[in-house]
Amino acid sequence: MREINYKEMKFNPFNLIGDEWMLISAGNEKTGCNTMTASWGHLGSIWGSNDPTAVVYIRQSRYTKQFVDAETHFTLCVMDKSFKKQMGYLGSVSGRDEDKIAKAGLTPVFSDQSVYFQEAKLVLICKKVYVQNLQESGFVEKATLDKFYANGDMHTMYIGKIEKVLVRDDEYIA
Ligand SMILES: Cc1cc2nc3c(=O)[nH]c(=O)nc-3n(C[C@H](O)[C@H](O)[C@H](O)COP(=O)(O)O)c2cc1C
């Protein structure tokens, strides 16, 4: 993979996150790593126009959360369409119960204080800069709270500063 400047990127973030999905991963070579599928998140800027950031939301029950919490960095990997079935699997089974990464045929690359997958076509390496649990009191529309959090398994929001963008080919380059 090769590194590009984030300003060279070209894609529709709604399609990329909402439809193509991404893998949130964290860990290190010594203690291991985990990954999960995510389709909720944001890309943009905060705290300076040259500080690109990614926001992800991870429920407290996810095993991946333990890894993201323990590490300084996490990564976001976008996979080729041919991995859609594996993405479904990685988003429905917990790494607590199975060696999901091996079963999905993914090869972890431990680099840049985090982990990503050799098979990814786009990788965002993110440094955690802000972590906050979503609060019940913050929901303007209570119906959203009732619909998504009836069992109290709230999401934690992670803002990551995008430190590096890696691409496999020219698909995401303007
Ligand atoms: C398409 C898709 C999108 C998902 N998006 C999210 C998400 O944004 N946040 C989240 O907490 N869980 C999300 N999930 C659920 C987790 O990926 C799933 O619970 C996973 O099995 C957690 O694995 P873990 O316990 O190994 O971390 C999504 C699942 C799928 C299939």
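Tutor: A residue is near a molecule or strand if its C-beta atom, placed from the backbone, lies within 6 Å of it. This is a predicted model, in which local features need pLDDT of at least 70 and side-chain atom pairs count only at pLDDT 80 or more, while totals for chains, interfaces and linings use all residues. Residues are numbered from 1 along each chain as its sequence is written.

Student: Which of the 20 residues around the ligand come nearest?

Tutor: The nearest of those 20 residues are Tyr63, Thr64, Gly91, Ser94 and Gly95. To place them in elements we need a rule: helices (H or I, at least four residues) and strands (E, at least two) are DSSP runs, numbered from the N terminus. Strand 3, strand 5 and helix 2 each supply at least two residues of the shell, and strand 3 gives the most, with 4 residues.

Student: Stepping back to the whole chain, how many helices and strands does it have?

Tutor: The chain has 5 helices and 10 strands, and its C-alpha atoms fill a box of roughly 45 × 40 × 30 Å along the principal axes. The radius of gyration is taken over C-alpha atoms, and the globule rule is 2.2 Å times the number of residues to the power 0.38. For 174 residues a compact globule would have a radius of gyration near 16 Å, and the chain, with 16 Å, agrees.

Student: What percentage of the 174 residues in the chain is buried?

Tutor: Burial is a count of neighbours: a residue is buried if 20 or more other C-beta atoms lie within 10 Å of its own, exposed if 12 or fewer, and partly exposed in between, with C-beta atoms placed from the backbone. Buried residues make up 30% of the 174 residues in the chain.

Student: Which residues of helix 2 are buried?

Tutor: As a general idea, an α-helix has 3.6 residues a turn, so residues three or four places apart point the same way. In helix 2 (residues 63-70) the buried residues are Thr64, Phe67 and Val68. Seen down the helix axis, these buried residues fall within an arc of 100° (the arc of the directions from the axis to the C-beta atoms), so they line one face of helix 2. Two residues are in contact if their C-beta atoms, placed from the backbone, lie within 7 Å, and the buried residues of helix 2 pack against strand 2, strand 3, strand 5 (52-59), strand 6 and strand 10 (155-167).

Student: In which sense do strand 2 and strand 3 pair?

Tutor: Two strands pair if DSSP finds at least two bridges between them. Strand 2 and strand 3 (residues 32-38) pair in the antiparallel sense over 7 bridges, forming a hairpin with 3 residues between the strands. Isoleucine 24 has methionine 36 as its bridge partner in strand 3, while alanine 26 has asparagine 34. Strand 2 also runs antiparallel to strand 6 (residues 73-78), joined by 3 bridges, and there leucine 23 stands opposite cysteine 77.

Student: Where is tryptophan 21 found?

Tutor: Tryptophan 21 is found in the loop between helix 1 (13-20) and strand 2, and although it is not a glycine, its phi is positive, about 70°. Tryptophan 21 counts as buried because it has 21 C-beta neighbours inside 10 Å. Glutamine 113, in the loop between strand 7 (108-111) and strand 8 (114-117), likewise has a positive phi, near 65°; glutamine 113 is partly exposed, with 15 other C-beta atoms within 10 Å.
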